[in-house]
Amino acid sequence: MTPDLLMLDYHIGAASIARSLASYVITVIELIPSVKDTIPDWIGHGKQIYGALSINVLAPIILVLLTAVLCRGVGESSILNSIMTVTKVLIVLFVIIVGSFKVDTSNWTPFTPRGFKSILTGATVVFFAYVGFDAVANSAEESKKPQRDLPLGIIGSLLVCVALYIGVCLVITGMIPYENLGEEAPLAKAFTSNGLKYVSVIISFGAVAGLTTTLLVGLYVQSRLYLGLGRDGLLPTMFSKVHPTLHTPIHSQIWVGFVASILSCFLNVRVLSHILSVGTLTGYSVVSACVVTLRWKNKPSSSQASTWCISRRTEGILYLIGIASCGFVAGILFRFDVSFFFLIPVAVLAIISAAALYIRQVYSVPLGFSCPLVPLVPSISIFVNMFLFAQLHYEAWVRFATLSVVAVVIYASYGQFHANPGTGDDDAGAA
């Protein structure tokens, strides 16, 4: 189920980012005085037709171009990605340094004007910003020393991005009151309000570079997900084929670009991004649960009974489900301002489940880098993810459930009859 969730995120994420990128590209072009206010909305900014339907011509064109670059090979795409990454990081650092001289610390008082609950809601909405970090893991096959390079790549990029996120947020909220920041371009608003319009121009170029690299990585990773599912037999073998000369999964890459192009051409960003976080939160929770199950040592068969007359593996899975359920229930209680005393028994039940998960199972320790403190860290991850999941709007749950049903139908009608379970025997080593 996890690959389905990740593919859902990447499809929607690629389309949403492509539309944002198209809008920024038009903004940059309109910096030319003779062109300003002459480009129709349907070309880059998006023209609303009806409800969720919104036409954007430039977004699918951008996706086609980036798909072509990725089809040429990892070397070509990595060069473009490196150039864009260096550009955007330098611009972000420039923004933080220049903006820090315009910070008014009185704008940080009170530091949490709408309380902790609003912080959690905001964290839930933007959680999909971290979806790209699993991109490193999905490129393991093309890494020279994956056991060394993958942990460094994931943890290093995570720490750098967190530092940059925090730095930018502190600067722009310190430059002007948070309620004056615009939804569409808060950075540009903050610098323009302080008489630094030239920085807004630089930010526009930085946004183009940043969104391009994000989109490039998203398209790249998703094609590798399709490649893996094709090899496992969960999708048609067409997706598992690698071009003999370019050495890229060209069929998967073209399919990914095609689906994202259709979505970006006809759906607006708000609708596209509405269910991104729900898929990410659920997907990462499933990954955390898989880390626990892959570490179980000497797993008894289903015929061997535990003290509850069920297999120990089933018992462990029930504990994991219990932790997830407690996280979701705690999130619901917190969301609707239920008394704190009702949260205590839910938290206690989650702690008991995690403790039982530790006591009732024997865990192996794989060589090299691996997730530490199993099952404690995965249990906390599952609980927090489900807690945040509960903060999302119910419409996100409905749309996510609908798409999950579609994924299950695909698996039930095709995947289970063509699956090749032998390809996943060595997965435990990566946990």
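**The nonpolar surface patch**

Guide: Seven names make up a nonpolar patch on the surface: Ile49, Tyr50, Leu53, Trp255, Phe258, Ile262 and Phe266. Together they have about 720 Å² of accessible area. Keep in mind that this is a predicted model.

Now the elements behind the patch. Strand 1 (47–50) and helix 9 (250–266) each supply at least two of its residues. Helix 9 gives the most, with four residues.

Leu53 lies in strand 2, which covers residues 53–55. The relative accessible area of Leu53 is 32%. That value falls between the 20% and 50% cut-offs, so Leu53 counts as partly exposed.

Next, the loop between helix 1 (2–29) and strand 1, where Lys36 is found. Lys36 has 48% relative accessibility and is therefore partly exposed. Ile26 and Lys36 are ten residues apart in sequence. Their C-alpha atoms are 9.3 Å apart in space.

Last, a pair of helices. Two packed helices are described by the angle between their axes and the distance between the axes. Helix 2 spans residues 58–72, and helix 8 spans residues 197–231. Their axes come within 10 Å. They cross at roughly 60°. Angles of 65 to 115 degrees would count as roughly perpendicular, and those under 35 as roughly parallel. Helix 2 and helix 8 are therefore oblique to each other. The crossing of helix 2 past helix 8 is right-handed.

How values were computed:
Residues numbered from 1 in each chain as written. Predicted model: local features only at pLDDT ≥ 70, side-chain atom pairs only at ≥ 80, totals over all residues. Heavy atoms only, no water. Patch = residues over 30% accessible without salt bridge, like charges linked within 9 Å, V, L, I, M, F, W, Y side chains within 5 Å. Areas by Shrake-Rupley, 256 points an atom, 1.4 Å probe, with all protein chains shown as cover. Salt bridge = Lys/Arg side-chain N within 4 Å of Asp/Glu carboxyl O. Buried < 20%, exposed > 50% of the residue type's maximum accessible area, 1.4 Å probe, protein only. Axes fitted to C-alpha atoms, helices over the stretch in contact; angles between N-to-C directions. Parallel < 35°, antiparallel > 145°, perpendicular 65-115°, else oblique. Left-handed = near helix turned anticlockwise from the far one by under 90°.
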